[in-house]
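Q: I have a model open and would like to learn how to read its features. Could you walk me through them, starting with how strands and a helix connect?

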Amino acid sequence: MNKSITIISAGLSQPSSTRLLADRLGEATARALGDAHVDATITVVELRDLAHEITNTLLTGFAAGDLATAVETVRSADAVIAVTPIFSSSYSGLFKSFFDILEPRTLAGKPVLIAATGGTARHSLALEYAVRPLFAYLQSVVAPTSVFAASEDWGSTGGTHGELAVRITRAAGELAELIEGRPTAPAVDEPVIPFAQQLARLAVSR
Ligand SMILES: Cc1cc2nc3c(=O)[nH]c(=O)nc-3n(C[C@H](O)[C@H](O)[C@H](O)COP(=O)(O)O)c2cc1C
């Protein structure tokens with residue numbers, strides 16, 4: 001059996017600690033699935049590379065090119081790992097904008113692991129008061145453990161030991177269990193009708 005996991009990483013720096021955390025979570029989830037004899041195919045969506053297209057889509061209502069491919073990758077995934085840097089004590093604007101352009105119910109019923117990076121551990125609860133409610137609204141099935149990595153968590157071991165590593169393993173195990181308990185997402189579904197086209201149809205039928 002093979003399950004597809006899409007990682008959404010909203011880090012802006014290069015190299016990005018958000019991407020580092022996202023990769024760790026992807027590897028740990030693949031390991032946890034492997035323990036249950038399930039293969040994982042992991043695809044990474046780097047929102048930094050799509051920032052201009054995301055803004056265009058907010059203005060036009062229509063995703064094209066690489067952004068359309070990324071949206072389809074998210075829609076068809078068996079699970080999502082969503083990782084944002086914390087900006088002003090919440091998710092970043094780029095992270096939120098990506099979810100704003102998804103069609104309603106794209107993430108409904110989908111297992112999601114939420115994680116964030118920040119400069120201070122004092123803002124770790126942003127995952128619980130900002131990120132988790134976003135995915136509750138999107139009707140995702142969010143893993144109970146969220147993972148926050150502050151600058152000091154990376155330390156001399158690069159986060160491979162200690163509290164961060166324990167949380168990564170626990171959260172990944174929870175996501176793997178959610179994935180295993182669900183049927184594999186269909187590869188092909190009905191075509192996505194652009195919002196402008198749906199509005200035009202509504203106008204004609206009135
Ligand atoms: C505009 C801005 C606002 C930030 N606000 C916060 C904040 O409120 N709390 C916090 O812990 N870190 C804050 N940070 C630090 C970033 O969350 C942190 O550096 C993050 O890990 C960067 O991720 P990246 O390396 O993937 O770009 C802020 C950084 C920027 C640039």
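A: A crossover is right-handed if, with the strands pointing away from the viewer, the path from the first strand over the helix to the second runs clockwise. Helices (H or I, at least four residues) and strands (E, at least two) are DSSP runs, numbered from the N terminus. Here E1, H1 and E2 form a right-handed β-α-β unit. This is a predicted model, where local features need pLDDT of at least 70 and side-chain atom pairs pLDDT 80 or more, while totals for chains, interfaces and linings use all residues. Residues are numbered from 1 along each chain as its sequence is written.

Q: In which sense do strands E1 and E2 pair?

A: Strands pair if DSSP finds at least two bridges between them. Strand E1 (residues 2-9) runs parallel to strand E2 (residues 39-46), over 8 bridges. Ser9 sits opposite Glu46 in E2.

Q: How do I describe the packing of H2 and H3?

A: Two packed helices are described by the angle between their axes and the distance between the axes. For helix H2 (residues 47-60) and helix H3 (residues 65-76), the angle is about 90° and the axes are 9 Å apart. H2 and H3 are therefore roughly perpendicular (65 to 115 degrees).

Q: And which residues come nearest to the ligand?

A: A residue counts as near if its C-beta atom, placed from the backbone, lies within 6 Å. Of the 16 residues around the ligand, Gly11, Ser13, Ser16, Thr18 and Gly118 come nearest. E3 gives the most to this shell, with 3 residues.

Methods
Axes fitted to C-alpha atoms, helices over the stretch in contact; angles between N-to-C directions. Parallel < 35°, antiparallel > 145°, perpendicular 65-115°, else oblique.
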